[in-house]
Amino acid sequence: MGHPPSLASGFLDDWCSRLRHLTQRPVVGILLRGSHARQAATDYSDVDLDVLVSGPSYAARPAFLADTAGRLTHLSVAVRDVDSWLRRLAEPADWAFGLPVDAPTRLLWADPRWRSWLDVPVLRQPAGEPRFEDLIANLGKVVGARAGGDALGARLAANDLAMLCPSVLRLANPSVTVSSRRTAFAAALALPVAPPGYRDDMLVCLGLRPAPVAEVCAAAVRLVTGAVPLVRPYAAELAGVTGTDLAEALTDGRLERYLTQLTGAATRTGSPVPTPRTGQFPT
């Protein structure tokens with residue numbers, strides 16, 4: 001599929017010229033990101049642009065509704081100083097379920113002195129840390145809210161728990177990179193080394209599959225108690241994030257005792273642990 005009609009006839013060239021005068025800072029580069037850079041845009045897609053400026057810390061998020069030949073296009077513009085932009089690329093993407101990101105980009109304009117730095121086809125962001133301690137803590141919130149009759153609180157905590165689960169299971173899975181929130185969601189649901197019923201339980205906890213609150217809580221319990229034996233071989237790696245005590249509790253039985261105490265049911269200590277896979281699988 002080609003570019004939607006809103007990007008035809010010099011649309012981007014015209015807006016590059018306008019955006020170069022958007023701030024009092026010297027503009028050093030303008031990049032196209034999002035679905036248009038991935039060549040996956042539809043007539044309903046926004047146009048995402050990064051405008052990089054020189055000088056000290058600066059950030060602005062102007063938005064525009066551009067009228068071109070009777071058609072309106074939503075432009076979402078992120079203006080940042082170069083140093084802040086580079087620091088952001090060195091951090092995990094908050095939408096990627098803890099997975100690493102390779103996001104296609106397209107340089108639309110650059111100051112000649114900056115072109116070699118900015119003219120890259122892909123912008124990479126690293127994977128997030130495995131949020132193991134937060135995963136355990138959120139299960140406590142799910143159980144506590146359920147016991148207190150707070151159905152909405154239980155659903156909210158289950159949603160948070162499901163958002164964190166892929167970052168932990170990533171330890172036991174082959175490497176995968178994602179390019180958008182949608183591909184990150186698909187990859188998070190398709191992790192090959194995961195607890196039984198993982199995909200369905202994720203959808204229930206995320207609120208994307210209707211279920212009574214009791215089923216939501218049961219799904220949250222299965223996600224956590226199923227993940228524990230899968231990541232046990234990576235306790236040493238987890239120690240660098242959670243500290244040594246929780247990592248040791250993962251291997252000496254205390255964590256299973258705590259989960260049993262928390263949920264009132266035996267955890268899956270005897271569940272078979274799939275052999276962790278190596279290599280990389282596509283999004």
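Reader: What is the relative accessible area of Phe64, and how is this residue classed?

Author: A residue is called buried under 20% relative accessible area, exposed over 50% and partly exposed in between, with a 1.4 Å probe and protein chains only. Phe64 has a relative accessible area of 24%, so it is partly exposed. Trp15, by contrast, is buried at 7%. The model is predicted: local features need pLDDT of at least 70 and side-chain atom pairs pLDDT 80 or more, while totals for chains, interfaces and linings use all residues. Numbering starts from 1 along each chain as its sequence is written, and side-chain values rest on heavy atoms, without hydrogens or water.

Reader: How many aromatic pairs does the structure hold?

Author: A pair of aromatic rings is described by the distance of the centres and the angle of the planes. Rings of Phe, Tyr and Trp (its six-membered ring) pair if their centres lie within 6.5 Å; planes under 30 degrees apart count as stacked, over 60 as edge-to-face and the rest as tilted. The structure holds two such pairs. In one, the rings of Trp15 and Phe64 lie 5.0 Å apart between centres with planes at 55 degrees, so this pair is tilted. Trp15 belongs to helix H1 (residues 11-19) and Phe64 to strand S4 (residues 63-68), so the pair ties together parts 49 residues apart in sequence. Helices (H or I, at least four residues) and strands (E, at least two) are DSSP runs, numbered from the N terminus. Phe97 and Phe185 also form a tilted pair, 6.1 Å centre to centre with 35 degrees between the planes. Phe97 is in the loop between helix H3 (82-89) and S6, and Phe185 is in helix H7, 88 residues apart. Phe97 is buried at 6% relative accessible area, and Phe185 is buried at 18%.

Reader: Which residue has its charged end over the ring of Trp15?

Author: A charge sits over a ring if NZ of Lys or CZ of Arg is within 6 Å of the ring centre and within 35 degrees of the ring normal. Here the residue is Arg18, whose charged end is 4.6 Å from the centre of the Trp15 ring.

Reader: Why is helix H8 described as largely enclosed?

Author: Six of the eight residues of H8 (residues 198-205) are buried, so the rest of the structure largely encloses this helix. Among the buried residues are Tyr198, Asp201 and Met202. The buried residues of H8 pack against helix H6 (151-169), helix H7 (181-189) and helix H9 (213-231).

Reader: Which residues touch the most other members of the largest nonpolar core?

Author: In soluble globular proteins, nonpolar side chains tend to be buried together. A nonpolar core is a set of buried Ala, Val, Leu, Ile, Met, Phe, Trp, Tyr and Cys residues joined through side-chain atoms within 4.5 Å. Of the 60 residues in the largest core, Phe132 and Leu255 touch the most other members. H9 supplies the largest share of this core, eleven residues. Apart from it lies another core of 18 residues, including Cys16 and Ile30.

Reader: What average pLDDT does the protein have?

Author: pLDDT is the predictor's confidence in each residue, from 0 to 100. The protein averages 90, and 90% of the residues score at least 70.

Terms used. Contact = heavy atoms within 4.5 Å.
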